[in-house]
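Please read these notes with the structure open. They go point by point.

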Amino acid sequence: MCRRADELAATTTTAAAAHGSTLGQAAQDFLARDGLDPATARSYRQTLRRLCLALGEQTPLAALTADQVARVFATAWGTAAATTWNRHRSAVRSFTAWAELDVDLAAGLDRRAETRPRAHPIDPAVLDQLFSRVDLPVRERTLWRLLHESAAGVTAVLSLNVEHLDLADRRARTGNTWVTWRSGTAHLLPELLAGRSRGPLFLADRRPAPARMPAGGDLCPDTGRRRLSYERAEYLFKQATKPLDPTGAGYTLRQLKPRD
């Protein structure tokens with residue numbers, strides 16, 4: 001039995017060494033793989049960054065346990081929505097498989113049932129009020145128009161880069177699909193771009209702190225600002241639409257999708 005335990009430990013250590021002997025190094029290698037689309041890479045990076053902060057980047061990869069990961073999840077996402085919990089859980093499962101660990105780091109993370117209600121589109125009269133506001137930042141006005149005119153997902157639109165825009169044909173490539181728009185977005189884009197020719201289309205307000213630098217693909221080489229996050233974009237939209245929402249809660253970005 002002792003020999004078997006030694007063999008299992010050796011196997012785990014060998015697999016871990018192949019992808020970096022520490023959690024931090026393995027996380028970097030995992031995120032540096034070819035073939036990860038921008039949205040998936042950002043999602044995985046959020047999960048692994050939290051694990052590194054909680055467990056320590058220098059922690060030996062082979063020493064990680066499912067109980068440790070479960071405790072991090074309980075603290076960080078214990079009260080999060082099911083979709084958020086499941087997204088981070090999926091990242092841990094992918095990381096475990098890639099690292100060829102004998103221990104399933106997601107063993108203590110049960111998948112949560114997702115019961116997201118259908119998002120009802122915003123009434124056209126409310127949209128007219130919203131889109132007529134010229135006092136709002138051009139970033140928000142462009143994002144909201146583009147989401148409405150394209151009917152694309154929020155994640156896909158936020159992942160757009162300036163260099164991928166085809167302004168003449170009013171479209172942009174994202175992954176294996178196209179995001180298209182109409183005249184409202186086309187009118188706003190030149191002001192939003194302000195001479196930029198590369199980097200994320202939608203940028204955060206501030207530059208990131210040195211300790212929280214994003215991957216190169218999420219950083220604007222001209223301004224030094226990072227890509228606008230889904231969470232921040234959602235918050236700003238809710239704040240702006242509270243006066244227009246009869247419930248006073250504000251609308252969500254998903255509700256910008258036009259009626260079928």
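The points below run from the overall fold to single residues.

1. **Basis.** This is a predicted model, in which local features need pLDDT of at least 70, side-chain atom pairs count only at pLDDT 80 or more, and totals for chains, interfaces and linings use all residues. Residues are numbered from 1 along each chain as its sequence is written, and side-chain values use heavy atoms, with hydrogens and water left out.

2. **Overall fold.** The protein has ten helices and three strands. Helices (H or I, at least four residues) and strands (E, at least two) are DSSP runs, numbered from the N terminus. Along the sequence the order is α-α-α-α-α-α-α-α-β-β-β-α-α. Along the principal axes, the C-alpha atoms fill a box of roughly 75 × 40 × 30 Å.

3. **Burial and contacts.** The protein has 260 residues, of which 41% count as buried. Buried means under 20% relative accessible area, exposed over 50%, and partly exposed in between (1.4 Å probe, protein chains only). Take the contacts between residues at least 6 apart in sequence: 60% of them join residues at least 24 apart. A contact here means heavy atoms within 4.5 Å.

4. **Helix H6.** H6 spans residues 124-131, and its buried residues are Val126, Leu127, Leu130 and Phe131. Why do they lie on the same side of H6? They cover an arc of only 130° around the axis, and that puts them on the same side. The arc is taken from the directions from the helix axis to the C-beta atoms. An α-helix has 3.6 residues a turn, so residues three or four places apart point the same way. The packing partners of the buried H6 residues are helix H7 (138-150) and helix H10 (230-241).

5. **The cap on H6.** Aspartate 123 caps the N-terminal end of H6. One of its side-chain oxygens lies 2.9 Å from the backbone nitrogen of alanine 125. For reference, a polar contact is a pair of N or O atoms within 3.5 Å; within protein, one must be able to donate a hydrogen and the other to accept it, and residues adjacent in sequence count only if both atoms are side-chain atoms.

6. **Second largest pocket.** Its volume is about 360 Å³. The lining has 20 residues, and the closest to the pocket centre are Asp37, Pro38, Ala39, Ser159 and Thr174. A pocket is an open set of points on a 1 Å grid over the protein atoms alone, where a 1.4 Å probe fits, with protein on both sides within 12 Å along at least five of seven lines; lining residues have an atom within 4 Å of a point. Grid points are joined across faces, edges and corners, and the volume is the space filled by probe spheres set on the points.

7. **Who lines the pocket.** Helix H3 (38-55), strand S2 (171-174) and strand S3 (177-180) each supply at least two lining residues. H3 gives the most, with five. By class, the lining has seven nonpolar, seven polar and six charged residues. Ala, Val, Leu, Ile, Met, Phe, Trp, Tyr, Cys and Pro count as nonpolar, Asp, Glu, Lys and Arg as charged, and the others, Gly among them, as polar.

8. **Arginine 42.** This residue lies in helix H3. Is arginine 42 buried or exposed? Arginine 42 is buried, at 18% relative accessible area. Neighbours within four places in sequence aside, arginine 42 is in contact with Thr155, Ser159, Asp218 and Arg227.

9. **Arginine 170.** Look for this one in the loop between strand S1 (165-166) and S2. Arginine 170 is partly exposed, with a relative accessible area of 34%. Threonine 180 is ten residues away in sequence, yet the C-alpha atoms are 5.8 Å apart. Not counting residues up to four places away, arginine 170 touches Val179, Thr180, Trp181, Arg182, Ser183 and Ala186.

10. **Lysine 238.** Lysine 238 sits in helix H10. It is partly exposed, at 28% relative accessible area. Beyond its neighbours within four places in sequence, lysine 238 is in contact with Ala249, Gly250, Tyr251 and Thr252.

11. **Backbone check.** Two non-glycine residues deserve a look. Glutamate 100 has a positive phi of about 60° and is found in the loop between helix H5 (82-99) and H6. Alanine 194 has a positive phi of about 45°. Alanine 194 lies in the loop between helix H9 (183-193) and H10, and is exposed, with a relative accessible area of 62%.
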